[in-house]
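Reader: I've got a new model open on my screen and I'd like to walk through it with you. Could you take my questions one at a time?

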Amino acid sequence: MPPVSILIKPASSACNISCKYCFYHSIAECRETANFGIMSYETLETLVKETVRYADGFAAFAFQGGEPTLAGLDFFKKAVELQKKYNTKGLEIQNTIQTNGTLIDEEWAKFLSENNFLVGLSLDGPRVVNDFCRVTRTGESIFAREMETVKLFEKYKVDFNVVSVVTSKTADKITGIYNFFKDKGFQYMQFIPCLDENISKHSDYSLTPEAYGKFLCRLFDLWYEDFSHGKDIDIRLFSNYAQMAAGFAPEECGMCGRCTTYFVVESNGNVYPCDFYACDEWKLGTVADGFKNLFNSEKSRQFMKSSVDKPQECLECKYLYLCRGGCRRWRDMQGNGKLEKNYLCEAYKMFFRHSEKRIGKLGELIRNRMHESFTI
């Protein structure tokens, strides 16, 4: 049995704000049931019990949404309690939570710190940038409230990173965004390209390959300059490319070149192979079926197998060792399951032409450090 990472939707697709680019809202709206409500303690107990039973050595519980904190602090206290109760195998257990931060108070921050939760705080940048898409249902800014949460995280020493969604409105503003994050002392950053669920009907935030390519080049230049001067800033995408250049597998599933079934558990216990595919068509079963059975199911095998084939253009590309074809969802922009070339292909080619030599140096640095650690 493998180390396991389970992505959990404790409040289903429910959210207390209304981000214009929320892909999970779009996916949920296409299901027969868009919102399954708050996860019951009974379902939570089954989830924890089955995860521990399936895992070997390590188990990660990643809580996302919607907005997972809508499930309430007591829900997460119960989750930790159940993990301790059922972890008779001595697994290393990690908890993570992705949140907009607007419901975090002193009690939440203290709990997250004491229980070693890794928190992803969704924040697109300074207020003028964050307000483009991350607002309440009435269009009000949440930026000030998020900054209050940052102060609470710092006060209670909560381990957190910031997660920024890259859109057409923010891509050319990356210098200001990066410097803002750096000035705030954020050492861990993630930048996720905006997935437009209605690619045939471009919105005012739709991300073009050209805009994303320029964004990646500029961000890498900014980060590499700081890295070269000893500044300790981690950008997840670049860390993964460095690992790959060193000959190791990427940690981020969308960079592996083929799908696995990493299990997304909705609040009613339904299980899906990916949060981009948490739809009725790809429902694998429920947590009560057991993760081993779900992984070995015909639908799971079908999902994984369907992502393997790549266009000939990809197979002949000099950057395949870094790109690997990209995330399946970016190859399925029509949403019909017919996988094509990555929609952002030209962006990645632009980026690799710009940065490949420096990525190679990072890979060499990793190999040298590992060699030194083995010879000491």
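**A walk through the model**

Author: Let's start at Gln 243, which has its place in helix H9; helices here are DSSP runs of H or I with at least four residues, strands are runs of E with at least two, and both are numbered from the N terminus. Before we go on: this is a predicted model, where local features need pLDDT of at least 70, side-chain atom pairs count only at pLDDT 80 or more, and totals for chains, interfaces and linings use all residues. Residues are numbered from 1 along each chain as its sequence is written, and side-chain values use heavy atoms, with hydrogens and water left out.

Reader: Okay, does Gln 243 count as buried, partly exposed or exposed?

Author: The scale goes by relative accessible area: buried is under 20%, exposed is over 50%, and partly exposed is in between (1.4 Å probe, protein chains only). Gln 243 has 26% relative accessibility, so it counts as partly exposed.

Reader: Which residues does Gln 243 contact, leaving aside its neighbours within four places in sequence?

Author: Contact means heavy atoms within 4.5 Å. Glu 364 is 121 residues away from Gln 243 along the chain, with 9.5 Å between the two C-alpha atoms. With neighbours within four places set aside, the contacts of Gln 243 are Phe 248, Ala 249, Pro 250, Glu 251 and Ile 366.

Reader: And how many of the residues of helix H9 are buried?

Author: Helix H9 covers residues 236-245. Its buried members are Leu 237, Phe 238, Asn 240, Tyr 241, Ala 242, Met 244 and Ala 245. Helix H9 is largely enclosed by the rest of the structure, because the buried count is 7 of the 10 residues.

Reader: Which residue just after H9 takes a positive phi?

Author: Look just past the end of H9 for a phi of about 100 degrees. The residue with that positive value is Gly 247.

Reader: Which residues have the most contacts inside the largest nonpolar core?

Author: A nonpolar core is a set of buried Ala, Val, Leu, Ile, Met, Phe, Trp, Tyr and Cys residues joined through side-chain atoms within 4.5 Å. The largest one has 90 residues. Helix H8 (residues 209-228) gives the most to this core, with 8 residues. The residues with the most contacts inside the core are Leu 112, Phe 191, Tyr 212, Tyr 241 and Phe 291.

Reader: What does Tyr 212 contact, leaving aside its neighbours within four places in sequence?

Author: Tyr 212 is one of the core residues with the most contacts. Beyond those sequence neighbours, its partners are Val 166, Pro 193, Leu 207, Leu 237, Leu 344, Ala 347 and Tyr 348.

Reader: How many residues are in the second, separate core?

Author: This separate core includes Tyr 24, Cys 259, Val 264 and Tyr 277. Its count is 13 residues.

Reader: Where is the cis peptide bond of Gly 66?

Author: Gly 66 has its place in the loop between strand E2 (58-63) and helix H3 (73-86). Omega is near 10 degrees for the cis bond, which runs from Gly 65 to Gly 66.

Reader: What is the phi of Asn 116?

Author: Asn 116 is in the loop between helix H4 (106-114) and strand E4 (118-122). It counts as exposed because its relative accessibility is 62%. Although Asn 116 is not a glycine, its phi is positive, at about 55 degrees.

Reader: What about Lys 157: what is its phi?

Author: Lys 157 lies in the loop between helix H6 (143-155) and strand E5 (159-166). With a relative accessible area of 70%, Lys 157 is exposed. Its phi is positive in a residue other than glycine, near 55 degrees.

Reader: Which residues does Tyr 156 touch, not counting residues up to four places away in sequence?

Author: Tyr 156 is also found in the loop between H6 and E5, and is partly exposed at a relative accessible area of 22%. The C-alpha atoms of Tyr 156 and Ser 113 are separated by 6.3 Å, though the two are 43 residues apart along the chain. By that count, Tyr 156 touches Glu 106, Ala 109, Lys 110 and Ser 113.

Reader: Stepping back, how many helices and strands does the protein have?

Author: Buried residues make up 50% of the 376 residues, and the C-alpha trace spans about 60 × 50 × 45 Å along its principal axes. The secondary structure comes to 14 helices and 10 strands.
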